[in-house]
Amino acid sequence: MGKIIVIGSAGAGKSTFSKELADKLSIKVYHLDCFMWKPRWEVTERDYQIEIQRNIMRNKTWIIDGNYNGTMTLRMDASDTIIFLDVNRWVCLYRVIKRFFQYKGKSRPDMQKDCPERLNKDFLKFVWYYPKKQKLQVEERLDKVKNKKQIVVLRNKREIRAFLNSV
């Protein structure tokens, strides 16, 4: 376990989990939100997204935190371990709302600078419908690589804590 991707819904706890795992394994963590956005929430170009991820994946070890479905297969192919935080949508919704108030007007530490935390109806809908839409795509991708990669699915705080304690 040295080339790890951490995926899951917004609010699942990917960044927090990735930081803790990075500390335990002494591996650098890369938060995709830092690379996929320019200041003021302007999205980076797809070619740049691919280039930056390939540069990260040239390292001997890494943890990459983030979904970004358009480039997920690239990360899955390069990883040896895929950790899917399959957390209940109510928990995810609570966390994104809590995060909004915690960082309101500021950029999160795992986010690009000059991208102050925001919350809108579309984002809340994205979190709510994640289990019916994006999760199904993730599960299809995981099924395709299940015999080639170590896949860890963690569904709640207890499972996440047990996994981190076992590392």
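The largest pocket of this predicted model has a volume of about 1,300 Å³. Here a pocket is an open set of points on a 1 Å grid over the protein atoms alone, where a 1.4 Å probe fits, with protein on both sides within 12 Å along at least five of seven lines; the volume is the space filled by probe spheres set on the points, which are joined across faces, edges and corners. Residues are numbered from 1 along each chain as its sequence is written, and side-chain values use heavy atoms, without hydrogens or water. Local features need pLDDT of at least 70 and side-chain atom pairs pLDDT 80 or more, whereas totals for chains, interfaces and linings use all residues.

- Two or more lining residues come from each of H1, helix H5 (89-103), helix H6 (121-129) and H8; helices (H or I, at least four residues) and strands (E, at least two) are DSSP runs numbered from the N terminus.
- H5 contributes the most to this lining, with seven residues.

**Helix H8**
- Ile160, Phe163 and Leu164 are buried in helix H8 (residues 157-166); buried means under 20% relative accessible area, exposed over 50%, and partly exposed in between, with a 1.4 Å probe and protein chains only.
- These buried residues line one face of H8, because they fall within an arc of 95° when seen down the helix axis; the arc is that of the directions from the axis to the C-beta atoms.
- An α-helix has 3.6 residues a turn, so residues three or four places apart point the same way.
- Arg158, Asn165 and Ser166 are exposed on the other side of H8.
- The cover over the buried residues of H8 includes helix H1 (14-25), strand S6 (81-85) and strand S7 (150-154), contact meaning heavy atoms within 4.5 Å.
- At the start of H8, a side-chain oxygen of Asn156 comes to within 3.1 Å of the backbone nitrogen of Arg158.

**Strand S6**
- S6 is largely enclosed by the rest of the structure, because five of its five residues are buried.
- Thr81, Ile83 and Leu85 are buried on one side of S6, and Ile82 and Phe84 are buried on the other.
- Strand S1 (residues 3-8) runs parallel to S6 and is joined to it by five bridges; strands pair if DSSP finds at least two bridges between them.
- Ile82 in S6 is the bridge partner of Ile5.
- S6 and S7 also run parallel, with five bridges, and Ile83 stands opposite Val152 in S7.

**Gln49**
- Gln49 belongs to helix H3 (residues 46-57) and is buried, at 11% relative accessible area.
- A polar atom of the Gln49 side chain lies 3.1 Å from the backbone oxygen of Thr44.
- Leaving out residues up to four places away in sequence, Gln49 touches Met36, Val43, Thr44 and Thr71.

**Positive phi in loops**
- Most residues other than glycine have a negative phi.
- Arg40, not a glycine, has a positive phi of about 65°; Arg40 is in the loop between strand S3 (37-38) and strand S4 (42-43) and is exposed, at 68% relative accessibility.
- Tyr68, also not a glycine, has a positive phi of about 45°; Tyr68 is in the loop between strand S5 (62-65) and helix H4 (69-78) and is partly exposed, at 23% relative accessibility.

Key:
Polar contact = N/O pair within 3.5 Å; in protein donor to acceptor, adjacent residues only side chain to side chain. 1 Å grid on protein atoms, 1.4 Å probe; cavity = no way out; pocket = protein on both sides within 12 Å on 5 of 7 lines; lining within 4 Å.
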